[in-house]
Amino acid sequence: GEIPLCHALHSHHRPIYHSRHLECPPMGLETMKIDDFQLHASTTKRYGLGAHRGRLNIQAGLYEDDLYDGAWCAGRDDPLQWFEVDARRLTKFTGVITQGRSSLWSSDWVTSYKVMVSNDSHTWVTIRNGSEDVIFRGNQEKEIPVRNILPTPMVARYIRVSPQSWFSSGNICMRVEILGCPLPDPNNYYRRRNEVITTDKLDFKHHSYKDMRQLMKVVNEMCPNITRIYNIGKSYNGLKLYAIEISDNPGEHEAGEPEFRYTAGSHGNEVLGRELLLLLMQFMCMEYLSGNPRIRHLVEETRIHLLPSVNPDGYEKAFEGSELSGWSLGRWSSNGIDIHHNFPDLNTILWEAEAKKWTPRKTSNHHIPIPEWYLSNNASVAVETRALITWMEKIPFVLGGNLQGGELVVTFPYDKTRTQGVTRESTPTPDDHVFRWLAFSYSSTHRRMTDASQRVCHTENFAKEDGTINGASWHTAAGSMNDFSYLHTNCFELSMYVGCDKFPHESELPEEWENNRESLLVFMEQVHRGIKGVVRDAQGRGIPNATISVEGINHDIRTAADGDYWRLLNPGEYRVTARAQGYGLTSKKCEVGYEMGTSTCDFTIGRTNLSRIKEIMERFNKQPIRLPHSNKQLQAPRSRERRQGTS
């Protein structure tokens with residue numbers, strides 16, 4: 001029988017919603033649900049400031065006069081200008097949200113406006129309150145969105161915003177979102193193409209910190225045999241950073257079973273990732289109970305960790321503004337740190353060592369230690385970042401994804417450019433081919449990332465690059481979680497930017513789940529691509545911290561506590577070497593096939609003579625061992641060499 005999960009999930013107390021929850025949801029200017037050719041304007045300053053750019057929270061390019069600028073701007077500054085949305089069907093309009101222009105150089109915003117509606121785009125009715133036209137108060141600066149609710153909802157097909165006054169030193173420019181409920185219309189030719197309806201019975205709502213904890217508890221109670229809740233530390237404000245583990249033996253690392261992680265919400269205002277991970281844990285629990293073979297296999301062969309909210313403090317701040325949170329409200333930790341870029345910059349340490357030809361002799365090409373300055377108490381390191389590092393060092397993760405928002409693309413390391421002072425250039429890791437495959441495995445199975453007709457979120461068209469990009473060729477960032485993970489641990493980490501809108505409306509969550517569900521599963525399955533094995537000594541004991549090198553790839557990894565290792569690799573034949581301090585080294589050919597599933601490649605390595613001698617010397621307190629006639633024995637071979645030399 002079907003598990004009544006909805007019942008289990010909804011039985012906890014729901015928060016009492018403000019009246020704003022009775023308003024209609026955003027129509028989708030920000031989420032791109034509204035197409036470019038549904039947006040019109042009276043006049044336009046230039047193409048890059050056309051009506052198609054008048055979307056809430058759209059971000060401008062770095063340079064003015066760009067094709068992609070940060071608002072709709074009217075060609076003339078007078079009260080006859082307007083910005084229009086064609087809903088394509090009768091819609092109950094309930095409100096308007098406006099913002100000024102996104103720009104580093106200019107200050108443009110509208111301080112008041114009228115609203116008009118129409119059914120045919122010829123005859124317009126201005127919104128009135130009694131006998132007077134309503135003048136809505138607009139913006140006081142360019143970033144903070146302002147919401148105005150119409151005195152009574154209006155049913156129409158078209159809606160216009162008509163600026164009446166604007167910032168005295170600027171021009172008429174605005175970014176807009178319309179609140180509206182489409183009316184059911186069975187004959188509507190324009191009903192959204194490929195409208196998505198999910199059949200998964202999950203808890204589609206935004207979860208406050210308390211709701212999130214409650215939901216994790218419900219999932220844990222439903223699936224006690226395969227889940228465990230734990231926390232990795234606390235936020236700046238003392239909120240626990242909760243993770244849930246999904247595995248057939250929760251609580252322990254099983255030799256030979258890879259560890260996988262998803263994290264979300266390092267930027268507290270990018271909330272879709274958090275909700276996706278909460279949906280994923282519910283989904284996996286339900287599907288496991290109903291016997292879904294794919295999910296059972298994943299749970300039995302992998303130890304999965306989901307950490308839905310890295311920055312709960314920032315989330316609480318963004319949640320207060322929700323629809324009205326600007327582009328960056330709640331992004332940082334409570335003491336103002338960008339957690340995702342707060343890790344030590346190990347790239348520079350490695351690249352300087354390479355330039356001095358110190359690798360691999362003096363400086364290793366992997367597991368680069370954290371520099372002293374970073375560990376000191378007065379270093380500006382967020383407590384959340386320190387908690388993440390401890391967690392990353394403790395568990396031998398093989399693959400990880402961190403979910404971000406505000407774009408539709410998957411990025412992979414390196415995130416920092418190798419050339420100093422250059423803001424963007426391709427900076428591949430030695431594992432570039434593997435990273436490209438991993439990124440593509442997510443983007444290509446996402447419903448919108450590689451869709452050629454998908455509109456650009458802001459200024460970059462990632463769909464033509466398969467929905468993936470090397471982090472540094474997008475914009476350089478030192479100390480990212482992805483680069484740190486690769487250079488300090490064995491874990492390959494990527495960033496998934498899962499939607500243009502950082503804080504989608506609750507009504508969007510079912511569709512966003514459908515957009516991402518397959519990708520979330522496929523990416524987890526990639527942890528089983530490559531080779532795995534155990535490095536043992538002659539007595540069959542696992543050797544921890546042994547180094548695994550692959551010929552031709554200048555990046556090694558290390559074995560875990562039981563001597564087990566996993567090395568992500570694309571299909572092919574590889575020469576692999578295992579070595580450890582005090583042991584010899586062994587090489588063998590290992591093959592990776594095209595079908596899913598890791599190839600096993602075990603190693604046995606013996607102690608070196610030198611390490612045996614050292615061990616014996618330790619036993620005798622490092623005294624030279626006096627053997628009878630030792631001098632004669634040592635001299636004999638030398639005299640033989642001399643004779644050979646003179647013959």
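Which residues gather in a patch of positive charge on the surface? The legends below begin with that patch. The model is predicted: local features need pLDDT of at least 70 and side-chain atom pairs count only at pLDDT 80 or more, while totals for chains, interfaces and linings use all residues. Residues are numbered from 1 along each chain as its sequence is written, and side-chain values use heavy atoms, with hydrogens and water left out.

**View 1. A patch of positive charge on the surface.** Lys210, Arg213, Lys217, Lys234 and Lys240 form this group. Patch residues have over 30% relative accessible area and no salt bridge, and like charges are joined within 9 Å; the areas come from the Shrake-Rupley method with a 1.4 Å probe. Lys and Arg count as positive, their charges being placed at NZ of Lys and CZ of Arg. Helix α2 (residues 209-222) gives the most to the patch, with three residues. Lysine 210 has its place in this helix. Helices (H or I, at least four residues) and strands (E, at least two) are DSSP runs, numbered from the N terminus.

**View 2. The salt bridge of lysine 33 and glutamate 508.** The closest N and O atoms of the two residues are 3.3 Å apart. A salt bridge is a side-chain nitrogen of Lys or Arg within 4 Å of a carboxyl oxygen of Asp or Glu. Lysine 33 lies in the loop between α1 (5-10) and β1 (39-41), and glutamate 508 in the loop between β18 (492-499) and α12 (509-525), so the pair ties together parts that are 475 residues apart in sequence. The whole structure holds 30 salt bridges.

View 3. Most residues other than glycine have a negative phi, and most peptide bonds are trans. The peptide bond from proline 413 to tyrosine 414 is cis, with omega near 5°.

**View 4. An open sheet of four strands.** The order is β21-β20-β23-β24, with antiparallel pairing; two strands pair if DSSP finds at least two bridges between them. At the edges stand β21 (553-558) and β24 (585-592), each with a single partner strand, so one side of each is left without a neighbour in the sheet. The twist averages 25° from one strand to the next, where axes are lines fitted to C-alpha atoms and angles run from 0 to 180 degrees between N-to-C directions.

**View 5. The hairpin of β20 and β21.** Strand β20 (residues 547-550) pairs with β21 in the antiparallel sense over three bridges. Threonine 547 has arginine 558 of β21 as its bridge partner, and isoleucine 548 stands opposite isoleucine 557. Two residues lie between the strands of the hairpin, in which glycine 552 takes a positive phi near 90°.

**View 6. An open sheet of eight strands.** The order is β11-β12-β14-β13-β15-β18-β16-β17, with mixed pairing. The edge strands, β11 (227-234) and β17 (468-470), each pair on one side only. Strands β13 (residues 259-264) and β15 (residues 397-404) run parallel and are joined by six bridges. Arginine 261 stands opposite glycine 400 in β15.

Technical notes:
Patches are made of residues with over 30% relative accessible area and no salt bridge: like charges are joined within 9 Å, nonpolar side chains (Val, Leu, Ile, Met, Phe, Trp, Tyr) within 5 Å.
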